Amino acid sequence: MAVEKTTELTGHSYESHRLWEWLVSDLTNHNLGKQAGSPQENEYFRNQTRLSLKKEYLKAIGYKPSDKPINDFQSLVDKIPNLTEEQRLNLKLANIRCIQDTLCKDNNFSTALNLMNQKSMNKLITYTVDLMTEYGIAFRKEIVDLFKQQDMKNYIYICLKYQKCCCCGAEGAEIHHVDHVTKIGGRKYDDGTKLRIMPLCRTCHTKAHSIGEKRFYIENEIEGILFSEEEIIKFMPHYKNQFKALRGK
């Protein structure tokens, strides 16, 4: 079988789309051991069915998508005569946005290297780590190490938010000031925005002071981070004796 070439710009009909969704619904019901036509409360299972059907359909018709569709389009743009460099760039960026927006309408998106920039990927990773931490879902040490290496600030922020030691992962961590409060005249002047901080459990906190803080930071590949007032307000409730100047506002 082969995919027919598209010769029209119009989409499929509402009736066809409704028929497709009914098929998805009843196949989902079958997979869940329910009767055809039964209501479905969890959209997750329907999405799983959609993805499985699409995968099997593409396999059945032998469709082979381009390995590099973005590059193909960009090469085509480069061949269009009489365009300025700015116009070429705008066309290429519009194509990427169009693909992502189309996917996002179905609560989906691509994480392909040429479709998601680093800033967006950082946000997705931070969101996922935050979510898994909130629900106590374990992840391997390699993930922690790489996340810490690539985005130290958000790693420290999540540890602070959930009171986890940024070195060993123990619960109930407390604020450790990398820049001592004497630098600003004492704790009563600490609004959280002038001193680098990190969360440490009692064991790691004691070790940092016993072996020397600089050595401790190097051995654990950890850094203190400065946070904005807005960020501090989000995790401040967990640290009752900290940020006295901010509490006084």
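**A first look at this chain**

The chain exposes about 17,800 Å², and carbon and sulfur atoms supply 55% of that area (Shrake-Rupley method, 1.4 Å probe). This is a predicted model, in which local features need pLDDT of at least 70 and side-chain atom pairs count only at pLDDT 80 or more, while totals for chains, interfaces and linings use all residues. Residues are numbered from 1 along each chain as its sequence is written, and side-chain values use heavy atoms, leaving out hydrogens and water.

**Overall build**
- You will find 11 helices and two strands in the chain (DSSP runs numbered from the N terminus: H or I of at least four residues for helices, E of at least two for strands).
- In sequence order, the pattern is α-α-α-α-α-α-α-β-β-α-α-α-α.
- The C-alpha trace spans about 75 × 60 × 40 Å along its principal axes.

**Inside the chain**
- Buried residues (under 20% relative accessible area, 1.4 Å probe, protein chains only) make up 29% of the 249 residues.
- In soluble globular proteins, nonpolar side chains tend to be buried together.
- Here the largest nonpolar core has 31 residues, and Ile-156, Phe-227, Phe-235 and Phe-243 have the most contacts inside it; such a core is a set of buried Ala, Val, Leu, Ile, Met, Phe, Trp, Tyr and Cys residues joined through side-chain atoms within 4.5 Å.
- Helix 7 gives this core its largest share, seven residues.

**A closer look at Phe-227**
- Setting aside neighbours within four places in sequence, Phe-227 is in contact with several residues, including Lys-153, Ile-156, Leu-160 and Phe-235 (contact means heavy atoms within 4.5 Å).

Definitions and conventions. Buried < 20%, exposed > 50% of the residue type's maximum accessible area, 1.4 Å probe, protein only.
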